[in-house]
Amino acid sequence: EDGLVDYPTLKRKRWDILAARKELKKLNPAILMNLPKEERIAFWINTYNFCTIELILKHYPIKPKWYMIIYPDDSIMQISGAWTKEFFDIQREEYNLNEIQQDFLLKRYKDPRICFALSNASIGGATLRNERYTAERLEEQLNDQVEKYLSTKKGMRWDKAKNTLYLSNLLQVHKDTFLASEYAAIKKFRDRKKDEEKAWLNFIAPYLSEEEFTYLEKEGPAIKFIEFDWHLNKK
């Protein structure tokens, strides 16, 4: 329920992981290509999250590197090339996490909500659901992910005394996704000098309370970012 992973137990049940990996490897690309859009998005989100868990299990317990002292000892950042040098067999090809995230999801569908569904095995990132994403419930699940994330201190904080809105660094990291999305074209918040700020505010607006939205429009708070928590999302 809290999105944390019991990695030691999963490591002891590696046969289940191997079985899932074999299913991904033998999947025929033609089958995936002919699925509806929602089915493909759900598939790649589930696959990304599965591969992230598999990556952690491969290196668990994570051994910290002396030169990575700015990150926690149990962080995915201690794994060299976690997003670019670790490859996974999917539909008879090899892909890394960055390729799955960018090529099959963010660049293709330009939906920032997906950023809040992709776990990077970190406390500060997207919270893992205790269910798979499905085409039938994709809209509901993605909206729920964003709403829950922004309701936490890691997602969004207000400091009205300093007239500042603190947002997760996740939005900054995925700035290009927001700028390529429909939220960048909305005319609201035109007084903002930075295009990315307009996109971010248009994106979070539907998830704000009436009071928060009124304050945002009236006071025009500065935007700053919350320091990302790279601790492993372990139970």
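This is a predicted model: local features need pLDDT of at least 70, side-chain atom pairs count only at pLDDT 80 or more; totals for chains, interfaces and linings use all residues.
F116 is buried, with a relative accessible area of 1%. The ring of F116 pairs with the ring of Y149, edge-to-face, with 5.3 Å between the centres and 70 degrees between the planes. Y149 is buried as well, at 2% relative accessible area. As for where the two sit, F116 belongs to the loop between helix 5, residues 97-109, and helix 6, residues 138-150, while Y149 is in helix 6 itself, so the pair ties together parts that are 33 residues apart in sequence.

The pair is part of a cluster. Ring pairs link F116 and Y149 with F178, Y183, F203 and Y207. For the structure as a whole, the count is 17 aromatic pairs.

One more of those pairs deserves a mention. Y71 is partly exposed, with a relative accessible area of 21%.

While we are on rings, there is a charge to note. K160 has its charged end over the ring of Y215, 4.8 Å from the ring centre.

Which strands form it, and in what order? Three strands make an open sheet, ordered 3-4-5, with mixed pairing. Strand 3 and strand 5 are the edge strands, each pairing on one side only. From one strand to the next, the twist averages 25 degrees.

Take the antiparallel side. Strand 3, residues 156-159, is joined to strand 4 by four bridges, and the two run antiparallel. Within that pairing, M156 has L167 as its bridge partner in strand 4, and W158 has L165. The two strands form a hairpin with four residues between them, and N163, in the turn, has a positive phi of about 50 degrees.

On the parallel side, five bridges join strand 4 to strand 5, residues 222-226. L165 turns up again here, standing opposite I223 in strand 5. Is strand 4 mostly covered or mostly open? Strand 4, residues 164-168, is mostly covered, with four of its five residues buried.

Next, charges. The count comes to 15 salt bridges. In general terms, side chains of opposite charge can pair when their charged atoms come close.

I will go through a few around R129. R129 meets E131 in a salt bridge, at 3.0 Å from N to O. E131 is partly exposed, at 30% relative accessibility. R129 also meets D144, at 2.9 Å from N to O. D144 is in helix 6 and R129 is in the loop between helix 5 and helix 6, so this pair ties together parts that are 15 residues apart in sequence. D144 counts as buried because its relative accessibility is 18%, and the cut-off for buried is under 20%.

Then there is E140, which forms a salt bridge with R137, the closest N and O atoms being 2.9 Å apart. Both ends are partly exposed: E140 has 48% relative accessibility, and R137 has 29%. Through shared partners, salt bridges join R129, E131, R137, E140, D144 and K148 into one network.

Last, cysteines. How many disulfides does the structure hold? The structure holds zero disulfides. For anyone who wants the reminder, a disulfide is a covalent bond between the sulfur atoms of two cysteines. C51 counts as buried at 1% relative accessibility, and C115 counts as buried at 2%.

To recap, the items to look up in the structure are the ring cluster that includes F116 and Y149, the open sheet in the order 3-4-5, and the salt-bridge network that includes R129 and D144.

How values were computed: Residues are numbered from 1 along each chain as its sequence is written. Side-chain values use heavy atoms; hydrogens and water are left out. Buried means under 20% relative accessible area, exposed over 50%, partly exposed in between (1.4 Å probe, protein chains only). Two strands pair if DSSP finds at least two bridges between them. Axes are lines fitted to C-alpha atoms, for helices over the stretch in contact, and angles run from 0 to 180 degrees between N-to-C directions. Rings of Phe, Tyr and Trp (its six-membered ring) pair if their centres lie within 6.5 Å; planes under 30 degrees apart count as stacked, over 60 as edge-to-face and the rest as tilted. A charge sits over a ring if NZ of Lys or CZ of Arg is within 6 Å of the ring centre and within 35 degrees of the ring normal. A disulfide is a pair of cysteine sulfur atoms within 2.5 Å. A salt bridge is a side-chain nitrogen of Lys or Arg within 4 Å of a carboxyl oxygen of Asp or Glu.
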